[in-house]
Structures are given as C-alpha cells and as structure tokens.
Amino acid sequence: MSKVFEYLKPYTLFILCAVVLLAAEAWLALELPRYMADIIDEGVLPGHLSVIWRNGGIMLGITVLSMLLAIITGFFTARTATGVANDLREAVFNKVLRFSNAEINRFSTASLITRTTNDVMQIQNTLMMAIRQFIYAPILAFGGIVRALERSTSLAWVVILSTAVMLVLCAILFFIALPKFKIWQNLIDRINLVTRENLSGILVVRAFSTQKFEKKRFSQANKTLAETERFINISFSFMAPIISLVMNLSTALIVWVGAHEASAFRVDVGDLFAFLQYAMLIIWSFLMISITFIMVPRAVVSANRIQEVLETEGTIKIKKNPVPLPKDFKGTVEFRNVSFRYPDTCADDDNVLTDISFTAKPGQTTAIIGATGTGKTTILKLILRFFDVTGGGVYVDGIDIRDLNKEELHDKIGYVAQKAFLFKGSIRSNLLYADKNATEERIKDAVDTAQAAAFIAEKHGGYEFEVAQGGSNFSGGQKQRLSIARALVKNAQVYIFDDSFSALDLKTDALLRAALKKKMTDRTIIVVAQRISTIMNADQIVVLDNGKITGLGKHEELMQICEVYREIAASQLSAEELSDG
C-alpha cells in the first residue's frame, strides 16, 4: 500500500492547501456555538435586541465564509483524488503493457481490468472523503471537546462516554469488514471473468446450447458475491441506528444533567446550549469518521491489489545498457540449442521445447509444422521475446536477443498473430497501427499483397469503413488478410506468420503466398502452418514433434527422411500429390 501513497506526492501542495482551509473551516464552525451562547445570555434573557442582531449577523457571515471555504476545499480534494486515480490507472496500464505472457496469465485479464478500473475508483472515492473527513472531523472533534470543557466540566463525562462508544464501534466494524472486502474484490474478478468469457464465446454457447450451464455458472458467482455484499451491508447497517441512539441519548443526558446544573446556577443557560451544540459537533465528527471507515477497508484492499501489480517483477529482464542493432541489419534469426519451459514449472521433463537449433536467413522462407501442442507458436513467442528461453539462446544477426532493447527488436519484426485481431476504428487506422507515418502508396501495396483490396473496395467508405470491436463485422478470412496487410505496412526486415493463412481458401492462400514471395525477396520469413500446401515451397521446413525437431529440410527431402512429416502429408495430400512429392 505504501507504493500507492507515493502517488500523493505530486499533489502535496493541494493537500496542504486543503488542510489549511479545512482547519479554518473547522475553527469557524466552533465559533458559532459561542456566539449563540452570547445571544441567549446577553441578548435574549436581558432583552438586548442589538446584541441579538450583532451576533446574528456575525454568525451569518461565518456561515457564508464557511461555505466559500468548503467550495474551495472541494476543488483541491477533487483535484487530488482524480489526479491520483488518473496516475494510478496510467501506472497500472503501463505496467501491464510491459508484462510478459507469464504475468498476464498469473493475474488473468479479468482481474487486471478490475484492478485498473474498479479498484482505482475505490481509492478515488475514499480519497475524496478521507482528505476532508480525516482532517476536518478530528480538528472539529478535538476543538469541540476543548470548547465544551470550557463551558462546563460537569457534563464532560457524557462527551467522553459517547466518544468511547463511537471509537469501539468503528474499531469493531473495521476488523470485521477488512477481510470481507478482500473476498469481495476477488469475487468481482470472478464475476467479470465469467461475464467476459460468456460474451466472448456467445456463439459457442449458443451452438452447443449450454445457456443453462452458463446461467448456472453466472448465478453461482453472482450469488456468492451477493452473499458477501449482504454480510458487509448488514454489518454496517447497524452503524446508523447505533450512532443515532448514541446521539439522542447524549442529547437527553446533556439536557437532563444540564437542567439540574442550570437550576442550581452552576452553569448558564447559554453555556448549556453551547455545550449541547459542541457535543453534537463532536458526535457528528465521529459519525463522519465512521462513515469514512466504511470505505477505508475496501480502499485498503484495492490499494494492495494495485500495489501487487505495480511491484510485480517481470520474468523478462531488461538490460540497462542494451546492445544496439547494427545499421546494416539483415534479419538472420538463429536458434542455438534452445530449451524452454513455462515459469511455473521447474522439472526438465516439463520442457515445451528441447534442443531446438535452426537458422532463418534473409531471402528465405522458413516454415514450422507439427501436431497441435508441439511448440510451434512458442518458438515464435521466443523470437519476439514474449518469454525468455530457459536454455540455449535466440540470436538476431548474431546478437542474443536478451542483450537487445525489446522495442528496437520489435521494430524490426512484422508479426501476424494466430488469432487475427482488429481494433475499433477504421480500416485505415488499423493499417496505420503498424506505422502511423506509412504513405498511401505503402498502404495500398500492403493491401494488394494481402489480397484485401477487393473486399475493402466493396465496403462503404473503403478505407474509412468502421471496424467494430475485435473486427466482429469481418469474416475470419478478411480479418486475417487485414492483419497480414497491417504487418506488411510496417515494412519490417523479419516477418512472422503464426498460422495466419488458416482461414483463407486455397486459391487466396496461393495468391497471397505468391505475392509475398515476389515482394519479399530480401526479407526473413518465418511461417507456422497446419497445412502442408501452405509450406510445400518453403526454403526450409522445421518439423516438430513433442517439442523436438524431428526433421529439417525441404519438402522433397522430408518426404524421404522424416516419418512425422510423411504422416502429416498423408493426412492432407491426395495420392497424386504425394507421388509428386
């Protein structure tokens, strides 16, 4: 939580201004009962109207001035709370951008969204109230006690008793609520996860008619959340009636004891009324503090959850002084005895990849094929340094990628992910995502190469056609072609295609590959594919089986020497095509 408090430092001046103004506001509030006492003792009882008018005018002036101070203080507290919330959201978002896949998987996407939005909002709301109440209310309470004792010491025990009851109540509720608030935030993560999965996979849910199962799953998460909220709300629902009871009993005791004191001439009537007002101010102060305490436990939990994200050390270690890429960068990618296992595993037999060695050269297409789960996509993630190898090394132009600046490395790579994803905006904005300074000529050339020009022309507005969130208003094949075009706009030296042709028909696939070969004679191309037809003409094919290379060569060679490759080919190619191979 201490790390979250650091975000208050830039707003120290605003907080100090708020403290000064709140102290002045509290002092003015404490002055009002004194003038009221003077009105009763020196104005009403003797019948001096001038005293009533004079003191009444002063009280009106104090009230107006207090209102102005409250407005100005509200500006400073709002500026501080919203500023801290803005900085926290930005810090969490920037931190998540630097996370590797391991950290993303550790927290889950749903939890990271909750921490960036709901948790930050809890801190903002608490700050808004806490800056005012934790400064104003204690000053008012302490000043009220001092002023009340100045008026009468014989009634002090009523105030002390009321204060003690309020403190005990606040402490009990705080310790009851704190652990429940932590559970509450985790349950919000859970319900966000269920909702997100349901909305993302709505077509699958409908296709398999599992609406009842999804309703039950959501109902369970929702019920657990509701039960936790109910417990918290019931716990705090006792606060208002108890505080009301304490306040009313205190008033009754003060009036009852004060009446006896006044009748015995041990206290003036004006002082009695002033004491009563001070007592109400003291109790009201503790009421405000207790209301703030309702929010504090949840804010503490939220702050700890945000701090957990901010303090998470990435598994990808960035060097302070990275090695610069050569100016004549060629784009040779080399794997030297690479092994890899995921961060949450430690045994050697848990390796996803073992002893992987091959070189992808400029002007050549290197294809990677194998059964599902053999580590094809993992190889590409290692090139992009989404994960770090656990053995061996990945080299670019002879430099270990762990010695390079990640941004500089990614700037040289055009990547098309396995799952095509488009951002909300226009077709043009999605294409410019790779390079915002790309010329119109380069955009059109990339679109033509990706075989996307025809369907873009058919869209209303062409390049300005609105893309829905996630590209949901495009077919799978169209999304893949736009993703490929986006990568080509980058004009990189190394291109990585992660099964990026799977949604294309065979004719479009062939045309696209032919266009790529023609346009990228000097680029390094690495392709992961499931279809033999997509990679038959590759300069070298890497065959994976259980995370190991079982074959390396061209299609014709592998048909002769690699049993795994022959089995894949036999399952996909006709007898005539096999005989040609």
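User: Is Thr-73 buried or exposed?
Analyst: Thr-73 counts as buried, because its relative accessibility is 1%. Buried means under 20% relative accessible area, exposed over 50%, and partly exposed in between, with a 1.4 Å probe and protein chains only. This is a predicted model, where local features need pLDDT of at least 70 and side-chain atom pairs count only at pLDDT 80 or more, while totals for chains, interfaces and linings use all residues. Residues are numbered from 1 along each chain as its sequence is written, and side-chain values use heavy atoms, with hydrogens and water left out.

User: Where is Thr-73 placed?
Analyst: In helix α3, residues 49-97. Helices are DSSP runs of H or I, at least four residues, numbered from the N terminus.

User: Which residues is Thr-73 in contact with, leaving aside neighbours within four places in sequence?
Analyst: Ala-18, Leu-21, Leu-22, Glu-25 and Arg-132. Contact means heavy atoms within 4.5 Å.

User: And which backbone oxygen lies 2.7 Å from a polar atom of the Thr-73 side chain?
Analyst: That of Leu-69.

User: New topic. How many residues has the largest nonpolar core?
Analyst: It has 53 residues, and Leu-140 and Ile-254 have the most contacts inside it. A nonpolar core is a set of buried Ala, Val, Leu, Ile, Met, Phe, Trp, Tyr and Cys residues joined through side-chain atoms within 4.5 Å.

User: Which element gives the most to this core?
Analyst: α10, with 13 residues. Helix α3 is among the elements that give two or more.

User: What lies apart from this core?
Analyst: Another core, of 47 residues, including Ala-367 and Val-543.

How values were computed
A polar contact is a pair of N or O atoms within 3.5 Å; within protein, one must be able to donate a hydrogen and the other to accept it, and residues adjacent in sequence count only if both atoms are side-chain atoms.
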